[in-house]
Amino acid sequence: MILNKFIITSLLLFLSCFSLIAQDKDKKKKPITKDIVIDSITKVSNPINPLSPAKAAFYSAILPGLGQAYNKKYWKIPVVYAAIGTGVYFYVTNNKEYNRYRDAFKSRLAGNTNDEFFFDSQGNQLEEPRISIEGLERAQRLFRKNQEIALLVTIGLYALNIIDANVDAHLLQYNIDENLSLAPKYQFNDIDASSNIGLTLNFKF
């Protein structure tokens, strides 16, 4: 009786071991899979060219407006030339007036009475000049000052043209779109059946 119980118990243990081995083989045959969520790239943006701002500034330094053309801001080219052209116009005008009064002043110092201010609008010579020698000195100082201001303004506008091209080239590559976002994130963990909540900062290029 005891022998029969031992045989039955041994047989049950043997079958249990065989069943466990078979189950282990089945597990090895079937790989464990997990769902993995991968964020997809929704948009491919243009590559950033770090030399683009330097190129735009260099082109505008060589020829005003060329940097704006490089940035495809063609409407700015007439504005650039109008601004710089105005500065050049006032410089040339004041320089011309300064030379007029300077030549008359030099002629007056030499003792001559034939400068343009000794004649009226019809070309008749006057006994007294329309502008005294002191007036000629004041006029020279005024137009010389205006000439220097016009030169400084023209140089400033030229520099502004270079800065504008450089800044525009920077802004053209500045990424502001819906692919940059800060949003709440909920994620389910398949391993321990827990959930995670947080914020995600997404950069999609």
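The legends below describe several views of a predicted model.

**Figure 1. Overview of the protein chain.** The predicted model holds five helices and two strands. Read from the N terminus, the order of these elements is α-α-α-α-α-β-β. The protein chain has 205 residues, and 20% of them count as buried. Among contacts with a separation of 6 or more, 52% join residues 24 or more positions apart.

**Figure 2. Confidence along the protein chain.** The mean pLDDT is 76, and 61% of the residues reach 70 or more. Helix H1 (residues 2-29) has the lowest confidence, with a mean of 50, while H4 has the highest, at 94. Over residues 17-44 the pLDDT stays under 50. For this stretch the model has eleven contacts beyond four places in sequence.

**Figure 3. Helix H4 and its buried residues.** Helix H4 covers residues 76-109, which makes 34 residues. From the first C-alpha to the last, H4 reaches 50 Å, close to the 50 Å expected at 1.5 Å a residue. Buried residues of H4 include Lys76, Val80, Ile84 and Gly87. Further along H4, Asn94, Glu97, Tyr98, Tyr101, Ala104, Phe105, Ser107 and Arg108 are also buried. An α-helix has 3.6 residues a turn, so residues three or four places apart point the same way. H3 and helix H5 (133-172) are among the elements that cover the buried residues of H4. After H4 comes Gly111, which has a positive phi, near 90 degrees.

**Figure 4. Asn71 in the loop between H3 and H4.** Asn71 lies in the loop that joins H3 and H4. Asn71 counts as buried because its relative accessibility is 7%, and the cut-off for buried is under 20%. Leaving out residues up to four places away in sequence, Asn71 touches Ala56, Ala165, Asp168, Ala169 and Leu172.

**Figure 5. Asp168 in helix H5.** Asp168 belongs to helix H5. With a relative accessible area of 8%, Asp168 is buried. Beyond residues up to four places away in sequence, Asp168 touches Asn71, Lys73 and Lys76. Asp168 and Ser52 are 116 residues apart in sequence, and their C-alpha atoms are 9.9 Å apart in space.

**Figure 6. Ile162 in helix H5.** Ile162 is another residue found in helix H5. Apart from neighbours within four places in sequence, Ile162 is in contact with Ala57, Ser60 and Ala61. Ile162 and Ala61 are 101 residues apart along the chain, yet 6.0 Å separates their C-alpha atoms.

**Figure 7. A nonpolar patch on the surface.** Phe58, Ile62, Leu63, Leu66 and Tyr81 form this patch. Together these residues have about 490 Å² of accessible area. Leu63 is located in the loop between helix H2 (52-62) and helix H3 (66-70). Leu63 counts as partly exposed because its relative accessibility is 42%, and partly exposed lies between under 20% for buried and over 50% for exposed.

Conventions: Residues are numbered from 1 along each chain as its sequence is written. This is a predicted model: local features need pLDDT of at least 70, side-chain atom pairs count only at pLDDT 80 or more; totals for chains, interfaces and linings use all residues. Side-chain values use heavy atoms; hydrogens and water are left out. Patches are made of residues with over 30% relative accessible area and no salt bridge: like charges are joined within 9 Å, nonpolar side chains (Val, Leu, Ile, Met, Phe, Trp, Tyr) within 5 Å. Accessible areas come from the Shrake-Rupley method with a 1.4 Å probe; for residues, only the protein chains shown count as cover. A salt bridge is a side-chain nitrogen of Lys or Arg within 4 Å of a carboxyl oxygen of Asp or Glu. Helices (H or I, at least four residues) and strands (E, at least two) are DSSP runs, numbered from the N terminus. Buried means under 20% relative accessible area, exposed over 50%, partly exposed in between (1.4 Å probe, protein chains only). Contact means heavy atoms within 4.5 Å. The expected span of a helix is 1.5 Å times one less than its number of residues. pLDDT is the predictor's confidence in each residue, from 0 to 100.
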